[in-house]
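This briefing covers selected side-chain contacts in one model.

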Amino acid sequence: MDVRSEISVATNLGDLRHALRTPLNHILGYSEMLLEEEGISSSEEATRLLTAIRADAQVILSSLEVRLSPGHNTPDVDRLRADIHTPVLQMVASIASLIQSSKVNVLTDLFRISTAVGELLSFVQGDNLSPVRPTAAFKSPARRVTVSGHLLVVDDNEANLEMMARQLAREGFSVETAIDGKTALSKLDHDHFNLVLLDVVMPGLSGLEVLDKIKSNDNLRNVPVVMVSASDELESVGTCIEHGAEDYFTKPFQPALLRARIFATLERSRLQDQERQRSREMEQISRELKRSNEELNRFAYAASHDLQSPLRTVVSYLQLLARKLDKDLDEQAREMLDLAVGASRHMSELIQNLLSYSQVGTQAQKLEPISCDAVMEETLRHLEGPICDNDAIVRSGPLPTIIGDRVLLVQLFQNLIGNAIKYRSEERPAISISADQEDDCWHFVVRDNGMGIDPKYFDRVFDIFYRLHGADRPGTGIGLAICQRVVNRLGGRIWVESQVGTGSAFHFSLPSEPAH
Ligand code: ADP
C-alpha cells in the first residue's frame, strides 16, 4: 500500500506514522551506508550532498514526531505537509545533483533514496503516489568483517529487507532473508539461526503469529527474536515482549544502535545457551554421582557383610588354638596369638562400623514421631558398661519428640555420648544433652568435659577413618562419619565447638517438621 492511500485509511496516528516512516527509513539507511562506502566518501561534494539529505530526513522525522505525536487526537496532516515542504524540496535537489555526478556503482542505492524522496514529495503535494517495490535482490557486500552470527531477516518490504540485510552483513553477520512469515518458518526449519529480525506488520502470517510459532516450537524456542516495526505503539511493543520477543526496534533506526542491540541480544542468548548447557551437565553429573554413591554403598554393605563370617571363624579358631595349646605355648607365642586375636577383633569392629555406615546410606528410613527421651533411655542401656567403668555422669534435659528414624537416632546419640566418655580427661566424665527449638528445627547439644579438640580439626573429625586421638583410645574413625550421615539423612547438619583441655560440644540440628 502506498503512503497516500495508507494515510487515507489511517484510523490512528500510529498507522500514519508507520506509513511515513518507511520512506524515511530507506533514506536514512541508504545514505548512512553510502557515506561509509568508498564510492561516495572519496568525493567531497557527494559526501556533502548525502549528509544534507540525511539531515533533512532527520528534520522531517522530528516534525513527524511533533505533528503526529500520540498526544494529538487527529493527525495534523496539513501542518506536517507545510513543515516538511522545504526539507523535502531540498532533498529532491540534492538527490538529483548526486545522481548526475555519481559513478554507476552507487546509482542503484541513489535511485532507492530518490524513490523514497519521491514518495515524500508526493505526500507533500497531495498527489497520488505509487507503491515502492524495489526488486533488486540482496547481494553479499564487499566489506565483510568477522562473521559473528547467522541472522534471518523477515520483512514483506523488499527495500527494507535488502537494506537491513546489507547493513547487517557490513557488521560481519551472515544474513538470510525471507519475504514473508511462511518462508521464514521454512528457513528456520532447515537452517540454524542465531537471531531472527522479524517485521511486525506483514500480510499473510503476521510477525506476532510467526513469533508465536517460533516460541511454541521446541527446536526453535531458544532462538532470540527481535521485532522490527515502524509502529512505536507501546501496546504493540508490550505484546511482542509478552509473546517472547527479546527486543523491539522502531524504524527508522540508527545503524549503530541496531548493531549494539543485536550484539547485546546475541551475547545474552549465548550466555543463556551456556547456562542451559551447564545445568544439563550438572544434572548429568549429579545423576552419575547418585548412581555411583548407591553402587559404592551397596558394595560396602556386601563386602562388609560377607567379610564378617570368615573373620568370626578366624577369631574362634585362634581362641580355640590358644586354649588347646595352653600349656605348650611359651610367652612369645602367647603374645603373638593375643595380638592376632586383638587385630581380628579390631577388624571385626571396623567391618561392623562400615556396615552401619553403609546402611545409613542405603536402608529406607522409617520416619515416624520418635520421643528423643526414649531414644536416650535406649542409648544409656547400650552404654551401661562404659558409663559404669568410667563412673560417668550423664544428664539430659527434656528432649522433644521429632519425626525421625529410631534406629538412626540411637546410632547418633550412642556415638556422640560414647565418644564423650571415651575421650574423657583426667576428670570424672560429666556429659549433658539438651535441645532447644529454633525457627523450624530443634538444636541439640551433647557437651562433655573431656580432652577437647583443636579447632583446626573441627571439619576433619567428621571424615571417615579420621582419628585424632587414635594412639591411646580404641576406635575405627567411623563413628562421627555415621553421625554426619544420620543427621544429613534426617535433613539437618552437625558441627563441633571445642577447646583442647576444656571439653567439646557437638551440635546438631534436626527439622521439627519432616521434609516433604
Ligand atoms: P573413633 O572414636 O572410632 O576414633 P569417631 O569418628 O567417632 O571415631 O571420631 C573421630 C575422632 O574425633 C576421634 O578419633 C577423636 O580423635 C575425635 N573425637 C570424637 N569425639 C570426641 C570428643 N567428644 N572429644 C574429643 N575428641 C573427639
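**Side-chain contacts**

Phe413, Phe444 and Phe508 are linked into a cluster by ring pairs. The model is predicted. In total, 6 aromatic pairs and 25 salt bridges are counted.

**Aromatic pairs**
- Phe173 and Phe263 form a tilted pair, with 5.2 Å from centre to centre and 40° between the planes.
- Phe173 sits in the loop between α7 and β2 (174-178), while Phe263 belongs to helix α11 (residues 255-324), so the pair ties together parts that lie 90 residues apart in sequence.
- Phe173 is buried because its relative accessible area is 0%, under the 20% limit.
- Phe263, at 34% relative accessibility, counts as partly exposed.

**Charges over rings**
- Arg485 lies over the face of Tyr357, 4.1 Å from the ring centre.
- Arg493 is placed over the face of Trp495, at 4.1 Å from the ring centre.

- Glu246 and Lys215 form a salt bridge in which the closest N and O atoms are 3.7 Å apart.
- This pair links distant parts of the chain, 31 residues apart: Glu246 is in the loop between α10 (234-242) and β5 (247-250), and Lys215 is in helix α9 (residues 207-215).
- Glu246 is partly exposed at 29% relative accessibility, whereas Lys215 counts as buried at 15%.
- Asp391 and Arg428 meet through their side chains in a salt bridge of 3.4 Å, N to O.
- Asp391 is partly exposed, with a relative accessible area of 45%, and Arg428 counts as partly exposed at 44% relative accessibility.

- The side chains of Glu294 and Lys290 meet in a salt bridge, 3.9 Å from N to O.
- Both residues, Glu294 and Lys290, lie in helix α11, 4 residues apart, which is about one turn of the helix.
- Glu294 is partly exposed at 36% relative accessibility, while Lys290 counts as exposed at 55%.

- Asn157 lies in the loop between β1 (150-154) and α7 (158-170).
- The Asn157 side chain reaches the backbone nitrogen of Asn160 at 3.0 Å.
- Asn157 is buried, with a relative accessible area of 10%.

Terms used. Residues numbered from 1 in each chain as written. Predicted model: local features only at pLDDT ≥ 70, side-chain atom pairs only at ≥ 80, totals over all residues. Heavy atoms only, no water. Helix = DSSP H or I, 4+ residues; strand = E, 2+ residues; numbered from the N terminus. Buried < 20%, exposed > 50% of the residue type's maximum accessible area, 1.4 Å probe, protein only. Polar contact = N/O pair within 3.5 Å; in protein donor to acceptor, adjacent residues only side chain to side chain. Phe/Tyr/Trp six-rings, centres within 6.5 Å; stacked < 30°, edge-to-face > 60°. Lys NZ or Arg CZ within 6 Å of the ring centre and 35° of its normal. Salt bridge = Lys/Arg side-chain N within 4 Å of Asp/Glu carboxyl O.
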